[in-house]
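Work through the following exercises with the sequence and the structure side by side, and try each task before reading its solution.

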Amino acid sequence: MFKPAITGTGVFTPEQIITNDELVESFNAYVDRFNAKNADVIATGDIAALEHSNSDFILKASGIEQRHVIDKAGVLDPKVMRPNLRQRTDDEPSLMCEMALDACHKALEQAGVAATDIDLVICAASNHERAYPAIAVEIQQALGAGGFAFDMNVACSSATFGIQAAADMIRSGSVRKAIVVNPEICSAHLEWRDRDCHFIFGDVATATLIERDEDAEGPHFEIISTRCSTQFSNNIRNNNGFLRRSRPDGMIDRRDMQFMQNGRKVFKEVLPMVSAHMLSHLEDEKLAQSDLKRLWLHQANKTMNDFIGKKVLGKTPEPGQQPNILQNYANTSSAGSIIAFSQHSQDLRLGEIGMICSFGAGYSVGSVVLRRQ
Ligand code: CO8
């Protein structure tokens, strides 16, 4: 058995930013248009008037201040309210591949590893641009990597579940160097016309390079252990899929073709599940709460993270002990905890221990215990 280690990470951040104020201004313009257009049916009570959104609510409820997106113009146009992305030919790289490559190259550079030495590429994300061929195989070819590649989807936990899959293959010796990449184009499956969720998500791609510990060239993180768990829930759901056109109302602009959630229920149900998962993972590794020098949590909601941090550490986290990045990126699904890890891990001292933990749709929870080497 070999010891797996994270030797590099990379983050692709789209240049365009939408602030809460910009988002709310465009949303409220959409609401005014909608209410004016539907005044008759609203007056009869057949449909309800839409209500304005509010920047103060967004910051207070979520901790989010802005989000990066691939296409700001489409999202902010009250007549469009979705990203406008050009159709690519089959001979061009897909958008997910393009975002992934940037993140992969950064991770490879940090580790000092050549792309040709990679023998496993996992593209783990909460939605995929096409059904097949796998985006991961396209990334493998574009990188010039060898071995094999596959796609996987566990929504917000895609990255940690991907890390577990890669780490297990490295442990067994079937793979020597793996890259887990998470291109998340959340803006394309978010319903920007729904005030309950229009502020939640942003776009990004992250990559995590995993090798045998003995192959690491510089400072790195030994993967002590990983743990994944799932429990079925309809509280976060997207009903879009390949059966769509086979159904009578399949081509209608139905709300459930985009991200849907019962946020309050998610909040209440996921918190105890995640805290219990992390504490039992620690206990099984014979680690005390006080052994954890850093927590890199899923980035969905600041209050949620404050609660989990306190519960898992057994005290209010010290400044910097449980870093959030959601104020700048919003929720980027599976990429959130990896951005936090990538941006807030290099200062850990030799031997210090930290934990990555993701949670979300499924429900799914994935944790990775790391030791600085
Ligand atoms: N502006 C003003 N008022 C608002 C707005 C708004 N934008 N939105 C809602 N309100 C109102 C509501 O109508 C409600 O009014 P009332 O009290 O009169 O009914 C009031 O504000 C309170 O609303 P909520 O109860 O909804 O507010 P919360 O405090 O619960 O906050 C959150 C809402 C922020 C959504 C919160 O519940 C939350 O963060 N929950 C956890 C969600 C979570 O972690 N989800 C994980 C999802 S991510 C995932 O799994 C990946 C999926 C795949 C990626 C998808 C990419 C698109």
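This is a predicted model: local features need pLDDT of at least 70, side-chain atom pairs count only at pLDDT 80 or more; totals for chains, interfaces and linings use all residues.

**Exercise 1.** Find out how helix α5 and helix α6 are oriented to each other, and which residues make their contact.

*Solution.* Begin by locating the two helices, α5 at residues 95-111 and α6 at residues 135-143, whose axes lie 10 Å apart and which pack at an angle of about 50°. As a next step, look at the handedness, for α5 passes α6 in a right-handed crossing. The contact itself is made on the α5 side by Met96, Cys97, Ala100, Leu101, Cys104, His105 and Leu108, and on the α6 side by Ile135, Glu138, Ile139, Ala142 and Leu143.

**Exercise 2.** Determine which residues of α6 are buried, and what covers them.

*Solution.* Take "buried" to mean under 20% relative accessible area. By this cut-off, Ile135, Ala136, Glu138, Ile139, Gln140 and Leu143 of α6 are buried. The elements that cover these residues include α5 as well as the strands β4 (120-124), β5 (148-152) and β6 (177-185). Finally, follow the chain just past the end of α6, where Gly144 takes a positive phi of about 85°.

**Exercise 3.** Carry out the analysis of Exercise 1 for helix α8 and helix α9.

*Solution.* Helix α8 spans residues 263-284 and helix α9 spans residues 302-313, and they pack at an angle of about 30° with their axes 10 Å apart. That angle makes α8 roughly parallel to α9. The crossing in which α8 passes α9 is right-handed. From α8, the contact includes Val266, Phe267, Val270 and Leu271, while α9 contributes residues including Thr303, Met304, Phe307 and Lys311. The residues of this contact divide into 12 nonpolar, 2 polar and 1 charged.

**Exercise 4.** Describe the span that UniProt lists as "domain: Beta-ketoacyl-[acyl-carrier-protein] synthase III C-terminal".

*Solution.* According to this unreviewed UniProt entry, the domain covers residues 282-371. In the model the span is 30% helix and 24% strand, and its end C-alpha atoms lie 13 Å apart.

How values were computed:
Residues are numbered from 1 along each chain as its sequence is written. Side-chain values use heavy atoms; hydrogens and water are left out. Axes are lines fitted to C-alpha atoms, for helices over the stretch in contact, and angles run from 0 to 180 degrees between N-to-C directions. Helices (H or I, at least four residues) and strands (E, at least two) are DSSP runs, numbered from the N terminus. A crossing is left-handed if the near helix is turned anticlockwise from the far one by less than a right angle, and right-handed if clockwise. Contact means heavy atoms within 4.5 Å. Buried means under 20% relative accessible area, exposed over 50%, partly exposed in between (1.4 Å probe, protein chains only). UniProt positions are given in the numbering used here, feature names are shortened, and annotations may be inferred rather than shown by experiment. Angles under 35 degrees count as roughly parallel, over 145 as roughly antiparallel, 65 to 115 as roughly perpendicular and the rest as oblique. Ala, Val, Leu, Ile, Met, Phe, Trp, Tyr, Cys and Pro count as nonpolar, Asp, Glu, Lys and Arg as charged, and the others, Gly among them, as polar.
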